[in-house]
Amino acid sequence: MISQKMQDAINQQINKELYSEYLYLSMAAYFSAQGLSGFENFFLVQAEEERFHALKFYHFVNERGGRVYFQKIDQPETEFKSPISVFEKALEHEQYVSSLINKLMDIAIKENDHASKSFLTWYVDEQVEEEDSMDTIVNKLKIIKGQGNGLLMLDKELAARTFTPPTTD
Ligand SMILES: [Fe+2]
Ligand SMILES: [Fe+2]
């Protein structure tokens, strides 16, 4: 049985994951309006990943005999200055999410909740990838100065990204 404190903290995190989905959909819509369908695809896939993160928490709380409840999801930003500013914001957001996952882990450790500790390890590892994937694109955009042929080539590269649900539970 999950503690009330852990349950509440995970419910907060479900809200943050759903906000992440919303934020990335907003970024996808921005790129769609710019005519950059590869970048749009990247963020549509990213949004699916965030939904997966939320649902993974959802199932965990239910499996442990807890209760999931939903709260209001904040409105994401809708306007961005440039492709690079989108990715800088996405990276900043992932760094923030990593700090939230670390706080969840702190609670699990304090409560001697080994099941939550084991479960949260997946998210700790996932956040390393999440930050790295945004950081990689920030760096590529810096190299091509966010424009020209380089931008179109990167758009083509990102068009190939597909969503594959992680097999590791
Ligand atoms: Fe996430
Ligand atoms: Fe993420």
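**Close-up views of a predicted model**

Figure 1. Planes under 30 degrees apart count as stacked, over 60 as edge-to-face and the rest as tilted. Phe31 and Phe39 are stacked, at 4.9 Å centre to centre and 20 degrees between the planes, and both residues are buried (under 20% relative accessible area; exposed is over 50% and partly exposed in between; 1.4 Å probe, protein chains only). Phe31 also stacks with Phe43, at 5.9 Å centre to centre and 10 degrees between the planes. This second pair links distant parts of the chain, with Phe31 in helix α1 (residues 4–34) and Phe43 in helix α2, 12 residues apart. Helices (H or I, at least four residues) and strands (E, at least two) are DSSP runs, numbered from the N terminus. Phe31 counts as buried because its relative accessibility is 0%, and Phe43 is likewise buried at 0%. One aromatic cluster is formed by Tyr24, Tyr30, Phe31, Phe39, Phe42, Phe43, Phe80 and Phe87.

Residues are numbered from 1 along each chain as its sequence is written, and chains are lettered from A and ligands numbered from 1 in the order in which they are written. For this predicted model, local features need pLDDT of at least 70 and side-chain atom pairs count only at pLDDT 80 or more, whereas totals for chains, interfaces and linings use all residues; side-chain values use heavy atoms, with hydrogens and water left out.

**Figure 2. Site of the iron ion (ligand 2).** Glu50 (OE), Glu94 (OE), Glu94 (OE) and Glu130 (OE) are the protein donors, at 1.9 to 2.6 Å from the ion. Donors are N, O and S atoms within 2.8 Å of the metal (3.2 Å for Na, K and Ca); water is not among the atoms, so sites may look incomplete. The angles among the 4 donor atoms run from 53 to 150 degrees, and the site is irregular. The donor residues follow the spacing E-x43-E-x35-E in sequence. Glu50 coordinates both this ion and the iron ion (ligand 1), the two ions being 3.3 Å apart. Glu50 lies in helix α2 (residues 37–63) and Glu94 in helix α3 (residues 83–110), so the pair ties together parts that are 44 residues apart in sequence. Glu50 is buried at 1% relative accessibility, as is Glu94 at 0%.

**Figure 3. Charged ends over aromatic rings.** The charged end of Lys56 sits over the ring of Trp122, 4.7 Å from the ring centre. Arg161 places its charged end over the ring of Phe42, at 4.5 Å from the centre. The criterion is NZ of Lys or CZ of Arg within 6 Å of the ring centre and within 35 degrees of the ring normal.

Figure 4. Arg64 counts as buried at 17% relative accessibility. Beyond its neighbours within four places in sequence, Arg64 is in contact (heavy atoms within 4.5 Å) with Met1, Ile2, Asp113, Ala115 and Ser116.

Key. Four donors count as tetrahedral if all angles lie between 85 and 135 degrees; four count as square planar and six as octahedral if opposite donors are over 155 degrees apart and all others between 65 and 115; anything else is irregular. Rings of Phe, Tyr and Trp (its six-membered ring) pair if their centres lie within 6.5 Å; planes under 30 degrees apart count as stacked, over 60 as edge-to-face and the rest as tilted.
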